[in-house]
Amino acid sequence: MPLKQESFVMLDILAQQTWSPYAAGAGIGILVCISFLLSDRPLGISTAYAKVSGLLEKAITPKRAENEFYRETVPRVDWILMILPGVIIGAFLSATLSGQFHLVWVPGLWDTAFGTNAVLSFLTALIGGIILAFGARWANGCTTGHGISGTSQLSLSGILFTACFFLSGIATTFVLSRFIGV
Amino acid sequence: MTLLTRLHTNARLQLVMGLFIGIAFGFLLQKSGVTDYNVMLGQLLLQDMTFSELMVSAIIVAMPGVYLLVHFGCAQMHVKPGTLGSVVVGGLIFGTGFALLGYGPETVAGAAGAGALDALCGGIIGMILGSGLFAAFYPKIKTRFLNRGPFPAQTLPELLNLNPWVVIGIAEVVLIGILFLL
């Protein structure tokens, strides 16, 4: 029964723990093309966080949500906002299918360097997230929007952003590991 | 109205499209391993090249794909206009946050989906807060930084005054070469 065997092979592939980054990357490249073709948009995600923040501000202090930023980046549930829950669900499905879904507070490398203090790891992630979003809004894009969609269009902003964030990310990591001794 | 423009302007259908593109994106991110904190920090320490391999592979596929779609009139370019003040400064801030958090805006969502609570409670909340913080400072940052140093052109082919397909050909050779070196 060839059909049945094929579906088993398909399930096997979906349940694998890792795919080659080349194959997964090619898949993301196809997704970028699908976004352009079917949604007339470049694939991105960081704007979704700004829209969530805008929706929350609108709900809590409507007056503050009237500022210039939210007039340009209108807080509403739209295509780019849906990318965010989509990515969370997609990663959950992938991790669950391969039996890799585990609730973890402190990541492994962090654990070996700084110990199992969940508060410290949480605070670092929180501050890192604040700076990451601040930088993404400052540059009007992120690793996906500038890095992949922008660079794929040979856009100068995409290429320059990618060079800058890699340099600064690597430099920060090396300075931190030198001082703290990771 | 063509079928594609009808699809693009159907707001409700685009919400579903965004969700499904997000799910596929999250699935591919988790499968490639980049939703793992250790893999991402390994990249910044230049010990694990998975993230670069994923990004370069995505660009190798998306670049000719997007240009072909545009060439055949099936898609439009979406190049983000940038300035040195926005892309360079924003990229440097972004890289610092990237190093502290250990994830990017897409991988932090994927990590949360795979059960990383530092990503969910620290990273994602931080990104929402950081976006709101940027919105509050936006008018000042806009006049002082974001409009400084506009680019002489939007894309590499425009800057070099070359046919885009020539630049794509060269870029593909360079990117495939990088993949072999990584």
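This is a predicted model: local features need pLDDT of at least 70, side-chain atom pairs count only at pLDDT 80 or more; totals for chains, interfaces and linings use all residues.

Tutor: We'll take those topics in turn, starting with confidence.

Student: What ipTM and pTM does the predictor give the complex?

Tutor: The ipTM is 0.96 and the pTM is 0.95.

Student: And what is the mean pLDDT of chain B?

Tutor: Chain B has a mean of 96, with 99% of its residues at 70 or more. pLDDT is the predictor's confidence in each residue, from 0 to 100.

Student: Pockets now. What volume does the largest pocket have?

Tutor: About 680 Å³. A pocket is an open set of points on a 1 Å grid over the protein atoms alone, where a 1.4 Å probe fits, with protein on both sides within 12 Å along at least five of seven lines; lining residues have an atom within 4 Å of a point. Volume is the space filled by probe spheres set on the points, which are joined across faces, edges and corners.

Student: Which residues lie nearest its centre?

Tutor: Of 31 lining residues, those are A:Thr47, A:Thr73, A:Arg137, A:Asn140 and B:Lys80. H7(B) gives the largest share of the lining, 4 residues.

Student: How does that lining divide by class?

Tutor: Into 13 nonpolar, 11 polar and 7 charged. Ala, Val, Leu, Ile, Met, Phe, Trp, Tyr, Cys and Pro count as nonpolar, Asp, Glu, Lys and Arg as charged, and the others, Gly among them, as polar.

Student: What about the second largest pocket?

Tutor: Its volume is about 530 Å³. Of its 20 lining residues, A:Thr162, A:Phe166, B:Val56, B:Leu175 and B:Ile178 are closest to the centre. The lining has 16 nonpolar, 4 polar and no charged residues.

Student: You listed A:Asn140 at the largest pocket. What is its phi?

Tutor: Positive, about 60°, although A:Asn140 is not a glycine. Most residues other than glycine have a negative phi. A:Asn140 sits in the loop between helix H7 (118-139) and helix H8 (143-152) of chain A.

Student: Where is A:Leu154?

Tutor: In the loop between H8 and helix H9 (156-180) of chain A. A:Leu154 also has a positive phi of about 60°.

Student: Is A:Leu154 buried or exposed?

Tutor: Buried, because its relative accessibility is 2%. Buried means under 20% relative accessible area, exposed over 50%, partly exposed in between (1.4 Å probe, protein chains only). A:Asn140, at 40%, is partly exposed.

Student: Last topic. Which residues touch the most other members of the largest nonpolar core?

Tutor: A:Tyr49 and B:Tyr103, out of 77 residues. Helix H4 (residues 50-71) of chain B gives the most to this core, 12 residues. Such a core is a set of buried Ala, Val, Leu, Ile, Met, Phe, Trp, Tyr and Cys residues joined through side-chain atoms within 4.5 Å.

Key. Residues are numbered from 1 along each chain as its sequence is written. Chains are lettered from A and ligands numbered from 1 in the order in which they are written. Side-chain values use heavy atoms; hydrogens and water are left out. Helices (H or I, at least four residues) and strands (E, at least two) are DSSP runs, numbered from the N terminus.
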